[in-house]
Amino acid sequence: QFMNVLEFAINMELEGEKYYIKQAENNNDNGLKNIFLTLAKDENDHAKILQNKSNNLPYELNNNDTLSETKNLFKGIKDFINEIKQTPEQLDLYRAALEKEKESIDLYEKLLSESTDDKSRDLFKFLINQEKDHYTTLDELVSQLNKCNDWVESAEFGLRPED
């Protein structure tokens, strides 16, 4: 039972990695590429950790700085946000990714609540924090792009107050 859940979690992480790599390719010409590559690498790390756990092999929980790295990338986002060929479909994709991250968090919280040993508890706490960082990153991306879209729409179509 537990192994099936681990297998499911591993596949979920690998799917996430594939998704983020595809998004990196779609944004090859702008700063989002690095954000997506960072997220993809994290998901790959998570899959390896879970794989080792399921094979009773040692693994290390190395806290990375994904959130602070992506925060730095977002600092420059204003400069390239206009270059991003933003389509409603893409925003929907990012929102779907947010949902996926939420599912990961929920799964790891469930596994945490069912864990009976400290090593497992540490693992799931680690993964929950990592996925929450991803969630925050994507959330920020969606809200930045929304702001940009709102601004563009209101600038193009909105009524301007008379000076």
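Accessible areas are computed by the Shrake-Rupley method with a 1.4 Å probe, and for residues only the protein chains shown count as cover.

**Figure 1. Overview of the predicted model.** The protein exposes about 9700 Å², of which carbon and sulfur atoms supply 52%. It has 6 helices and 0 strands, where helices (H or I, at least four residues) and strands (E, at least two) are DSSP runs numbered from the N terminus. Of the 163 residues, 42% count as buried, a term that means under 20% relative accessible area, with exposed meaning over 50% and partly exposed in between (1.4 Å probe, protein chains only). This is a predicted model, in which local features need pLDDT of at least 70 and side-chain atom pairs count only at pLDDT 80 or more, while totals for chains, interfaces and linings use all residues. Residues are numbered from 1 along each chain as its sequence is written, and side-chain values use heavy atoms, with hydrogens and water left out.

Figure 2. S104 lies in helix α5, which covers residues 88-114, and it counts as buried because its relative accessibility is 5%. Not counting residues up to four places away in sequence, S104 touches M12 and E131, where contact means heavy atoms within 4.5 Å. The C-alpha atoms of S104 and A9 are separated by 7.7 Å, although these residues stand 95 residues apart along the chain.

**Figure 3. The tilted ring pair of F36 and Y94.** A search of the whole structure finds 4 aromatic pairs; rings of Phe, Tyr and Trp (its six-membered ring) pair if their centres lie within 6.5 Å, and planes under 30 degrees apart count as stacked, over 60 as edge-to-face and the rest as tilted. The ring centres of F36 and Y94 are 5.4 Å apart and their planes stand at 35°, so this pair is tilted. Because F36 lies in helix α2 (residues 32-54) and Y94 in helix α5, the pair ties together parts that are 58 residues apart in sequence.

**Figure 4. The stacked ring pair of Y108 and F124.** The rings of Y108 and F124 have centres 6.2 Å apart and planes at 20°, so the pair is stacked. This pair links distant parts of the chain, with Y108 in helix α5 and F124 in helix α6 (residues 118-157), 16 residues apart. Y108 counts as buried at 0% relative accessibility, and F124 likewise counts as buried at 0%.
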